[in-house]
Amino acid sequence: MAKKKEAGYLSGKEIRAISKANRKITGEMEKKWKRKNVPEEEYLTTMRDPANAVEFDDLHTYFFTDAGTVKSVDGVSFDVPIGKTVGVVGESGCGKSVTSLSLMQLLQRPQGQIVSGHIRLNLGSKAYDISQITQERMQKLRGNAVSMIFQEPMTSLNPVFRIGDQVDEVIELHDGEGKSKEEIKARTIKALEMVGIANSEGVYSMFPHELSGGMRQRIVIAMALACNPKVIIADEPTTALDVTIQAQILDLLRDLKDKINSSIMLITHDLGVIAEMADYVVVMYAGRVIEKGTAEDIFYHPAHPYTIGLMASKPVVGREVDELYSIPGKVPNPINMPDYCYFRDRCEMRLPCCDGEYPCEISLSDTHKVSCYRAYEAYRDLVEQSAKNPLLAQMQAAAGELKEGGEKGGEI
Ligand SMILES: Nc1ncnc2c1ncn2[C@@H]1O[C@H](COP(=O)(O)OP(=O)(O)OP(=O)(O)O)[C@@H](O)[C@H]1O
Ligand code: SF4
Ligand SMILES: [Mg+2]
């Protein structure tokens, strides 16, 4: 029994107690979410900077499970400026999707809840705080103001309906008031043409299984952009595609974003995709943002050992290495996070001071921020001594090469 306890074993009684406490917490949140006819003033807000399309401000999104509370997003803050692409990168399970699903209010309810913080969405004439909004209002915003492209197109397409009917339905639902069937069809055909589909009339009456993976992803993009959203969330939009089709889809996204003047939040594991597409980069680790800045800040001057390690672990065409670097160890358990730097147990550049509490965010410039003791002024001498570390030099060189590869459009 003692052994089981050490391994995180919970008795039936403990699980029942956790489950009861969870129901109490989530029940109240669900009640607030499902209220009807709530005056807009309750979720109206003001943007910190009107040039931003979205502002995540100290967002905490948790899942209340029977095994305990999973702190999937634990104090995330970053901005998505209007007309720009923000790349969100980090290894599996670091909270990228949960951050974007919080913005869409598509969390798996009732377990998944935004427990604190704000998500400000700029609608031009006014701004809404998505963390305070109700289900009723959110249904009208989804697809209109903010829409999402998922990794696997078949999760968004229904196999038993024709393509035309599915795109028509999106337009009808979000922007169909006062439009005849013919007008809606004309909009659908235009949307299919906009995403580069030849023979759009023919594709209009096809089923999803008759199309290739790249074509299906184009359809999904057409559906996401049909109502000119202000923000497009693309969660691993090209991971299921071959490299050549991937390049075409990324080009398409870039062109369309400029055409409708939207912002893109691009979530990916692939630093090559980020290097090619993003104006700003946010690096997440274990539910927190550990570094953020312009693409140039992150690729040419990476400051956090995790960011540097991520870049060094990416193969670059033309760079010969005996052995590709891999970050040792694994991510801590999200139910039981340590009270010191979450990366400490894997960090090959840690300093004696790293046993202290979680490092706060330090500004390296107006745009570049990092949460690491190495950026603290007080530890500059310690860092300078360790700067001779050959591993650090090798990793920083790899980061620069990766960006150059991306800028040349090279395969990474
Ligand atoms: N429905 C859920 N119930 C419990 N935990 C969840 C749920 N959805 C996500 N999580 C947890 O939240 C954390 C963040 O998950 P998320 O899906 O955001 O990761 P991610 O960064 O998108 O990973 P990937 O790159 O693999 O898509 C993970 O620890 C995950 O296990
Ligand atoms: S704070 Fe210390 S342990 Fe954490 S990433 Fe920075 S150097 Fe490594
Ligand atoms: Mg994900």
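A residue is called buried if 20 or more other C-beta atoms, placed from the backbone, lie within 10 Å of its own, exposed if 12 or fewer do, and partly exposed in between. Serine 131 is therefore buried, with 23 other C-beta atoms within 10 Å. The structure is a predicted model, in which local features need pLDDT of at least 70, side-chain atom pairs count only at pLDDT 80 or more, and totals for chains, interfaces and linings use all residues. Residues are numbered from 1 along each chain as its sequence is written, while chains are lettered from A and ligands numbered from 1 in the order in which they are written.

Serine 131 sits in the loop between strand S6 (127-129) and helix H4 (135-141); helices (H or I, at least four residues) and strands (E, at least two) are DSSP runs numbered from the N terminus. Residues up to four places away in sequence aside, serine 131 touches Ile114, Gly117, His118 and Ile119, a contact being two C-beta atoms, placed from the backbone, within 7 Å. Its C-alpha atom is separated by 13 Å from that of lysine 34, 97 residues apart along the chain.

Turning to the interior, a nonpolar core is a set of buried Ala, Val, Leu, Ile, Met, Phe, Trp, Tyr and Cys residues joined through C-beta atoms within 7 Å. The largest such core has 84 residues, and Ala222 and Val283 have the most contacts inside it. Helix H8 (residues 213-225) gives the largest share of this core, seven residues. Beyond its neighbours within four places in sequence, alanine 222 is in contact with Val167, Ala191, Leu192, Met194 and Val195.

Helix H5 (residues 163-175) comes next. In H5, the buried residues are Ile163, Val167, Asp168, Val170 and Ile171. Seen down the axis of H5, they fall within an arc of 155 degrees, so they line one face of the helix; the arc is that of the directions from the helix axis to the C-beta atoms. These buried residues pack against helix H6 (181-194), helix H7 (200-204) and H8.

Finally, the ligands. Around ligand 1 there are 17 residues, of which Ser72, Ser92, Lys96, Ser97 and Val98 come nearest, a residue being near if its C-beta atom, placed from the backbone, lies within 6 Å. Helix H3 gives the most to this shell, three residues. Ligand 2 is surrounded by 14 residues, the closest being Cys341, Cys347, Arg350, Cys354 and Cys372.
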